[in-house]
Amino acid sequence: MTKKRPTIILTGASRGIGHATVKRFSGAGWRVISCSRHAFSDKCPWPAGPEDHIQVDLSDPDNLGLAVAEMRKRLDDEGGRLHALVNNAGISPKDDAGDRLDSMTTPMHVWRHVFQVNFFAPIMLARGLFSELKEAGGSIVNVTSIAGGRVHPFAGTAYATSKAALASLSREMAADFGPHGIRVNAIAPGEIDTAILSPGTERLIEEIPLRRLGRPEEVADTIFFLCTDQSSYVSGSEIHINGGQHV
Ligand SMILES: NC(=O)c1ccc[n+]([C@@H]2O[C@H](COP(=O)([O-])OP(=O)(O)OC[C@H]3O[C@@H](n4cnc5c(N)ncnc54)[C@H](OP(=O)(O)O)[C@@H]3O)[C@@H](O)[C@H]2O)c1
């Protein structure tokens with residue numbers, strides 16, 4: 001019998017860190033099931049892209065439920081096994097002028113929307129895919145942020161609090177999923193060169209010990225490490241990927 005490829009499900013695959021992560025796993029021979037709101041684009045050069053892309057709006061819990069059912073159906077082809085779930089999709093809304101929304105100005109519906117995408121969607125996916133992750137002895141990576149641990153000049157309050165909550169959730173999940181053989185970790189990027197960055201981020205570079213932005217591929221490499229046997233005893237940690245910015 002031929003050995004099946006390991007499989008990863010990754011949210012927010014269409015740009016930035018997610019895009020680089022698909023390329024990293026796909027290049028290492030994994031089957032990648034990607035998801036985001038947009039349809040698969042032919043700008044994405046990995047094989048089996050259109051067939052393995054699921055369009056889902058993570059801000060809509062009903063739509064997310066349907067997507068989980070579709071994911072589980074697709075995992076049947078892999079013997080019902082899922083080796084990695086990467087909760088990467090995230091949003092960071094600004095006000096109409098493009099400025100930061102703080103704790104006094106963030107409309108409550110915006111705050112709830114951010115929490116649904118950045119915080120509730122990851123746990124809904126992890127719970128929905130629990131048996132497949134358990135079957136494979138899989139690994140979950142939640143993408144948090146440096147903004148979860150300190151006030152950030154551009155990232156707003158809803159974003160920061162959702163990422164702090166996701167970091168805490170990652171610890172809780174490591175405790176709960178660990179006895180089932182599933183590792184759970186978080187990665188907290190700093191300023192990575194993607195579309196999510198605000199104008200003016202260049203000014204932050206002088207405060208970063210490595211004096212440069214990070215590259216999406218550098219984040220993808222850490223996610224890959226956390227999803228493979230190289231990190232087989234790592235669970236419940238949050239790895240900073242920020243050139244030393246947090247010091
Ligand atoms: N870049 C940084 O410096 C940085 C720093 C700290 C943390 N992070 C975190 O890293 C992760 C990736 O960031 P990025 O910079 O690569 O962001 P990005 O370029 O803005 O990409 C975000 C991804 O999330 C998807 N997405 C957004 N809303 C969605 C929704 N409602 N349903 C489904 N998918 C949705 C987008 O796809 P569609 O538009 O097709 O839906 C896109 O693929 C995020 O969690 C972010 O908070 C980034």
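This briefing walks through the fold, the sheet, the helices packed on it and the core. The structure is a predicted model, in which local features need pLDDT of at least 70, side-chain atom pairs count only at pLDDT 80 or more, and totals for chains, interfaces and linings use all residues. Residues are numbered from 1 along each chain as its sequence is written.

**The whole chain**

- The protein chain has 6 helices and 7 strands; these are DSSP runs numbered from the N terminus, with helices being H or I of at least four residues and strands being E of at least two.
- Along the sequence, the pattern reads β-α-β-β-α-β-α-α-β-α-β-α-β.
- The radius of gyration of the protein chain is 17 Å, close to the 18 Å from the globule rule for 247 residues, so the chain is as compact as a globular protein of that length. This radius is taken over C-alpha atoms, and the rule is 2.2 Å times the number of residues to the power 0.38.
- The C-alpha trace spans about 55 × 40 × 40 Å along its principal axes.
- Of the 247 residues, 43% count as buried. A residue is buried if 20 or more other C-beta atoms lie within 10 Å of its own, exposed if 12 or fewer, and partly exposed in between, with C-beta atoms placed from the backbone.

- An open sheet is formed by 7 strands in the order 3-2-1-4-5-6-7, with parallel pairing; two strands pair if DSSP finds at least two bridges between them.
- Strand 3 (53-55) and strand 7 (238-241) are the edge strands, each pairing on one side only.
- From one strand to the next, the twist averages 15 degrees. Axes here are lines fitted to C-alpha atoms, for helices over the stretch in contact, and angles run from 0 to 180 degrees between N-to-C directions.
- Strand 4 (residues 84-87) is joined to strand 5 (residues 139-143) by 4 bridges, and strand 1 (residues 7-11) is joined to strand 4 by 3 bridges.
- You can find A84 in strand 4 opposite I8, while the bridge partner of A84 in strand 5 is S139. N87 stands opposite N142 in strand 5.
- Strand 4 is covered on both faces, with A84 and V86 buried on one side and L85 and N87 buried on the other.

**Helices on the sheet**

- Helix 3 (residues 108-128) packs on the sheet and touches strand 4 and strand 5, its direction making about 165 degrees with that of strand 4. Contact means that the C-beta atoms of two residues, placed from the backbone, lie within 7 Å.
- Helix 3 bends by about 45 degrees at F120, and the proline P122 follows within four residues. The bend is the angle between axes fitted to the seven residues ending at a residue and the seven starting there.
- Buried residues in helix 3 include V114, V117, F119 and L125.
- Helix 5 (residues 157-177) lies across strand 5, strand 6 (183-189) and strand 7, running at about 165 degrees to strand 6.

**The core and a loop**

- The largest nonpolar core has 59 residues, and I8, L85 and I140 are among those with the most contacts inside it. Such a core is a set of buried Ala, Val, Leu, Ile, Met, Phe, Trp, Tyr and Cys residues joined through C-beta atoms within 7 Å.
- Helix 5 gives the largest share of this core, 7 residues.
- Leaving aside neighbours within four places in sequence, the contacts of I140 include L85, A126 and M173.
- S198 lies in the loop between strand 6 and helix 6 (216-226). S198 counts as partly exposed because it has 16 C-beta neighbours inside 10 Å.
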